[in-house]
Every structure is written in C-alpha cells, then in structure tokens.
Amino acid sequence: MPPTQTAPARHTAMPAAADSPTGALERPTQAGINAPGFGSDVVAETLRALQIPYIALTPGASYRGLHDSIVNYLGNTMPQMLLCVHEEAAVAIAHGYAKVTGKAMAAAVHSNVGLQHASMAVFNAWCDRMPVVMLGATGPVDAVKRRPWIDWIHTARDQGALVREYTKWDDQPASPGAARESLLRGTWIANTAPQGPVYINLDAEMQEAKLTETLPPLDAARYTPPVTTAAPADLVAKAAAMLKSAKQVVILAGRASRSEAAWNARVALAEALNASVVTDLKIGASFPTDHPLHAGAPRDVTADTVPAIRSADVILSLDWVDLAGALRAVGPSPSAKIIQVSLDHRIHNGWSMDYQALPPVDLFLSADPDLAVPELVKAVGLSGKPRLAPQPRAQGADREPEGFTNESIAYALRKVLGERPTTLTHLPISWEDRWWTFRHPLDFLGSDGGGGVGGGPGIAVGAALALKNSGRLAVAVCGDGDYLMGVTAVWTAVHYKIPLLFVIANNRSFYNDELHQERMARMRARPVENKWIGQRMADPEIDLAAMGRAQGAAGFGPITKPADLIAALEKAVAAVDAGGVAVVDVRVEPGYTVNMTAAMTRAKS
Ligand SMILES: Cc1ncc(C[n+]2csc(CCOP(=O)(O)OP(=O)(O)O)c2C)c(N)n1
Ligand SMILES: [Mg+2]
C-alpha cells in the first residue's frame with residue numbers, strides 16, 4: 001500500500017466475481033444485461049468506476065432504486081453488497097476495511113432512521129481518521145410524489161445535518177449527473193489525507209426516475225487526482241538540523257498507514273538519530289515493539305516512556321493523537337523543542353473536540369508523516385551502523401499470569417499462535433502494550449477511534465474481510481459490552497465466509513464504569529462495594545458463545561479457568577482456519593490492570 005492517497009485507478013472492464021474473496025456468493029440471475037435506464041444506475045456505475053469493491057448495507061425503501069441497480073444492473077459485483085443486520089455494523093465494517101487497506105469502501109443506510117443507527121460508527125471512523133463513503137437516501141424530496149405516512153416520516157430536511165459535524169463532507173445531489181459528481185468528489189475527499197467519512201444523500205425520486213439523457217463516458221481518475229501531502233523541502237531541512245544537533249530525540253510515533261515502506265523509514269530514522277520511540281495502542285502499530293529503541297507505550301508499566309520523554313531535548317511527533325495531553329502528563333524539559341508533523345488541523349471543526357488540547361510546537365510540518373519521514377531520513381543521513389537486533393521479550397513476560405484476566409488471554413493466544421502472522425483487529429479497553437509484540441504494520445490496527453463501545457465487532461469483520469486470503473489470521477479481542485452492542489456483525493462475517501476469531505474478555509460487566517463508580521464513592525466517602533450495581537451483566541450471565549452459535553459461528557465456552565483456555569483457542573483457530581468464524585467466551589475476573597486503573601483515575605477532580 002502506498003503511504004499517500006492515490007486516486008482510484010480508472011475502471012476498465014467488468015470485474016469477474018470470482019476475483020473477489022466473497023465474489024462467488026449471492027450471484028443474481030440474468031444480471032448485468034440491461035442498459036442503464038434509471039438515475040440509480042448512474043450512481044451504481046459511478047461506484048464501479050471508482051472501483052469501490054463492497055457496499056455494506058442494511059436495506060430500506062428509500063434506496064430501493066440503488067439496491068436494484070447494484071443487483072440487477074451491476075450484477076452485485078464491484079461493488080458487492082454485504083448485508084448487515086444493523087447500520088452501525090455496516091459503517092463499522094467499512095471503517096475496519098479502511099484500517100487495513102487505507103481506502104474507502106461504501107456503506108448504505110436507510111433514510112433518517114438508518115442514519116441515526118449508523119451515527120456512532122460514523123463518529124468512530126471520523127475520530128480514527130478512516131475513510132468511508134456512506135450513501136443514504138430520503139424523500140421523494142418532491143412532496144407530491146410521497147406515499148402517505150411512511151415517505152413523510154422518513155423524509156427529513158437537511159438529513160446530512162445528523163452527521164455533518166463528524167464527516168468531512170456531505171451532499172444531496174438533485175440529478176443523476178449531480179449524483180455522479182457527488183460520488184467522485186466524496187470518494188476523493190474521503191480518501192485524501194486526513195481521511196474521514198463522507199455522506200451522500202440520494203433523493204428517492206432521483207434514483208427511481210428514468211434517465212432523460214445519456215451521460216458522457218466517465219474517466220474517474222481525472223476527477224480524483226492525487227493530492228500532494230509531502231513536507232516542504234526547507235522545513236524538512238530545518239527539522240533535520242534540529243534532530244541532528246539534539247543530544248536525545250524522542251519520536252512519538254502516532255497515526256500512520258499500514259505501509260511497510262513507511263514503517264521501515266520510521267525504523268531507519270530512529271536508528272539514524274538513536275532516538276527513543278513511543279507508540280500508542282489507540283492507533284495501529286507504528287514501530288516494532290521489540291526494537292531496542294522502542295520505549296513502550298504510555299500505559300506500559302515496564303516501559304521507559306516517561307524518563308525517555310523527560311530527558312529528550314527534541315521531541316518529534318509524527319501525528320501523535322494527543323500531543324498536548326502527552327506533554328502535560330509527562331512534563332518534558334521546558335527547554336525541549338517540539339517538532340510536529342501532521343495534517344490533522346485541516347479537518348478540525350467547531351463541533352467535535354476530538355482535536356485535543358493545543359500543543360506547543362517549535363517547528364510545524366504540515367505534511368503526511370509517512371511522506372515526511374523518508375525525506376527526514378535522507379536529510380539526516382542513514383546511521384551507517386548495522387541494524388539493531390530485536391530485543392527478547394522482557395524477562396518473565398512468558399510466565400503464566402496469575403489469576404484469570406485479559407493478560408491470561410494474551411498469554412494463551414501467544415502460546416497457541418506462536419510466530420504465526422496475526423492481525424489484532426481490535427483490543428479491549430484494558431490491555432497492556434507489553435503483552436504482544438508488533439513487528440509489522442498489520443500486526444495491530446488500533447482502537448475504534450471515537451470511544452464508541454460496540455464498534456469492535458464490526459471493525460473486526462471489515463478488517464478480516466480485507467485480510468481474507470492474505471495469510472494473516474484476524475483476531476479480535478473484545479470486551480463483553482463491546483461484543484454485545486455490536487454482536488450482529490458476527491452474522492455478516494459468517495454469511496460472507498470471512499474467517500475471524502473473536503475472543504471475548506467477558507468480565508460480565510461494563511467494568512470501565514465500575515471504576516468510575518468506585519471513584520465517585522471514594523470522593524464522596526460512600527460505600528465502594530456498591531460499584532457493581534447498574535454495571536454487572538449477571539443473573540443471568542449472558543452466554544456469548546451461544547450468541548455466536550446462533551449466527552452460525554463456532555462457539556466455545558464459557559471458559560472459566562486458565563487451564564481450559566489454550567485447548568479452546570486451539571479448536572477455535574482450527575474453525576477459523578477452515579474458513580469459519582469462532583467466538584470464545586472467556587469469563588475473566590472483573591478488574592483492570594494497575595496501569596489502566598491509574599490512567600483512568602489520574603485527574604485531580
Ligand atoms: C456507546 C457507548 N456507550 C457507553 C460508553 C461508556 N463506556 C465506556 S467503556 C464502557 C464499558 C465497556 O464494557 P466492556 O466492553 O465489557 O469493557 P470492560 O470495561 O468491561 O473491560 C462503557 C459502558 C461508551 N464509551 N460508548
Ligand atoms: Mg466488560
């Protein structure tokens with residue numbers, strides 16, 4: 001994958017269904033034999049011209065025209081429909097797909113109500129800076145064409161307002177020609193850094209009306225030109241001079257693409273500068289965590305991140321998600337100089353504060369870090385020293401953990417998977433950096449972005465779709481709350497034969513909020529022992545494996561003791577290797593790690 005956004009290639013021929021990992025499924029009869037005749041045929045054709053491979057959707061009458069065009073005009077290929085049981089899953093799947101590929105696929109949601117269901121997933125994708133082309137519908141906008149009642153409740157003025165504050169752009173085109181342009185523009189904007197979701201709302205009447213004119217042929221590439229996001233050469237030279245003259249550099253390796261070349265460039269830069277590198281579990285893997293220069297993640301108890309940052313005289317942030325927050329928490333030397341490389345300011349708006357606090361910066365490179373880093377390597381000069389060998393895992397890290405916690409899950413997964421190429425598509429809230437080694441940009445895809453619980457399962461399914469046939473095993477470790485809120489994404493994975501292992505860290509609780517209740521009780525001198533009330537999902541405990549089985553997955557558990565976990569995971573992995581989806585319900589003890597608890601209770605209030 002290239003580190004920059006390239007425009008989708010020009011569409012040349014009707015893609016063969018068999019070329020796609022899911023292409024043999026849901027083949028329509030006698031499809032693709034009609035000439036384009038309706039507004040929605042133009043929309044469908046444009047999706048194909050943009051080479052959008054999939055459209056995850058939950059159906060609805062507002063876009064019945066487009067639905068028909070994808071099935072009967074395009075033959076359900078490029079894009080192929082991925083049916084979802086909930087709109088939140090549809091958008092989360094597109095989000096997860098983008099986390100692997102760096103490119104937008106489409107999602108379609110019905111009128112105002114489908115968009116309302118989808119909105120949290122849109123917010124997650126927005127905060128995660130991941131591209132999604134979301135199609136919706138409304139109307140007929142022309143009131144005299146509406147059916148009584150239903151068309152009226154499902155028509156809203158300015159429907160895009162529901163998600164405008166956390167999408168990069170939205171539109172409601174009034175004709176097929178305008179819809180075509182809207183799709184070109186929207187896909188281009190979504191895929192251009194900083195990436196994000198866009199929303200295009202299609203009038204039902206426009207979709208269903210007969211075409212009155214034939215549109216000229218479309219060359220999508222000319223309307224989606226690559227956007228240069230490289231750093232200006234003079235600023236690269238300035239940054240290189242600051243870095244070279246520093247005594248100790250710290251690199252905060254933040255948001256990054258899944259490109260191996262960009263990964264290698266970060267390693268080369270760190271080695272050339274002998275810089276300590278800090279990573280972040282909020283975003284996908286950005287640096288090998290067994291590299292001698294890796295100082296750890298801020299939450300990691302064994303890490304040396306705080307002393308590393310405090311002793312640095314130059315801090316290089318490569319689009320760190322919360323630079324000001326990190327600096328405030330750690331308190332670097334007041335004389336330390338800060339270089340920020342980021343494009344994020346381009347999409348900050350007045351509604352969402354996900355831009356975080358304003359960081360002090362001595363040199364700002366408004367650039368894609370993946371493009372700036374290779375230039376910095378050139379300007380600094382390669383270290384000339386032999387590559388540093390990976391560090392062995394911290395002593396004792398492979399000892400079986402005590403109790404039955406999320407660490408037990410990490411330990412058992414390591415035992416079962418060994419050196420097998422694995423992608424952690426999702427992790428639960430309480431997870432320590434040192435439990436898993438990342439050696440490749442696809443080893444870990446980061447969090448849900450917006451802290452919207454319930455995003456995990458859908459994101460994992462979309463990621464697993466993109467990883468199908470890659471030789472990598474897709475593994476999602478989800479909290480029980482996260483799994484329960486997004487559980488219907490399992491069906492989509494099973495139905496479309498997307499291999500995926502779900503391991504549920506089932507503490508039978510929205511435990512994060514137990515910690516908050518504990519905090520309130522302590523602050524107010526009230527009984528801490530009541531913290532579980534309104535949080536625990538017990539009596540009855542929910543059978544999460546059965547919820548997987550009910551949707552066609554292989555279900556394992558409840559696993560109640562460490563001794564049974566490895567055997568269950570082995571069976572689950574075998575089910576995934578056979579092309580299936582497996583769900584392992586692991587009944588871990590309620591409780592968070594010491595670091596996680598400390599991170600959550602740090603504020604003084
Ligand atoms: C949509 C949504 N609802 C509620 C919350 C508040 N919240 C944050 S973490 C959390 C608990 C999640 O439970 P689970 O996934 O089981 O993780 P655990 O805390 O138990 O490890 C909740 C309810 C949220 N972030 N998002
Ligand atoms: Mg839980």
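This is a predicted model: local features need pLDDT of at least 70, side-chain atom pairs count only at pLDDT 80 or more; totals for chains, interfaces and linings use all residues.
Residues are numbered from 1 along each chain as its sequence is written, chains are lettered from A and ligands numbered from 1 in the order in which they are written, and side-chain values use heavy atoms, with hydrogens and water left out.

Let's begin at the magnesium ion (ligand 2). Asp480 (OD), Asn507 (OD1) and Ser509 (O) coordinate this ion at 2.0 to 2.1 Å. Donors here are N, O and S atoms within 2.8 Å of the metal (3.2 Å for Na, K and Ca), and since water is not among the atoms, sites may look incomplete. Along the chain, the donors of the ion are spaced as D-x26-N-x1-S. Asp480 belongs to helix α16 (residues 480–486), while Ser509 sits in the loop between β15 (500–505) and α18 (511–524), so the pair ties together parts that are 29 residues apart in sequence. The helices (H or I, at least four residues) and strands (E, at least two) are DSSP runs, numbered from the N terminus. Asp480 counts as buried at 3% relative accessibility, and Ser509 counts as buried at 2%. Buried means under 20% relative accessible area, exposed over 50%, and partly exposed in between (1.4 Å probe, protein chains only).

Next, look at the open sheet of six strands, which are ordered β9-β8-β7-β10-β11-β12 with parallel pairing. Two strands pair if DSSP finds at least two bridges between them. At the edges stand β9 (294–296) and β12 (363–365), each with a single partner strand, so one side of each is left without a neighbour in the sheet. On average, neighbouring strands of this sheet are turned by 20 degrees against each other, direction ignored. Strand β8 (residues 276–278) pairs with β9 over two bridges in the parallel sense, and Val277 stands opposite His294 in β9.

Helices pack on this sheet too. Helix α10 (residues 260–273) touches β7 (249–253), β8 and β10 (314–318), and its direction makes about 165 degrees with that of β7. Helix α12 (residues 323–330) lies across β7, β10 and β11 (337–341), at about 155 degrees to β11. Axes are lines fitted to C-alpha atoms, for helices over the stretch in contact, and angles run from 0 to 180 degrees between N-to-C directions. Contact means heavy atoms within 4.5 Å.

In the loop between β7 and α10 you will find Arg255. Arg255 is buried, with a relative accessible area of 12%. Leaving aside neighbours within four places in sequence, its contacts include Cys127, Arg129, Asp319 and Asp344.

Now for a helix pair: α9 (residues 233–245) and α13 (residues 369–380) pack at about 60 degrees, with their axes 9 Å apart. That makes α9 oblique to α13; angles under 35 degrees count as roughly parallel, over 145 as roughly antiparallel, 65 to 115 as roughly perpendicular and the rest as oblique. Among the residues that meet are Val236 and Leu243 in α9 and Leu376 and Val380 in α13.

Finally, find strand β1 (residues 54–57), where Tyr54 and Ala56 on one side and Ile55 and Leu57 on the other are all buried. Four bridges join β1 to the parallel strand β2 (residues 80–83), with Ala56 opposite Leu82.
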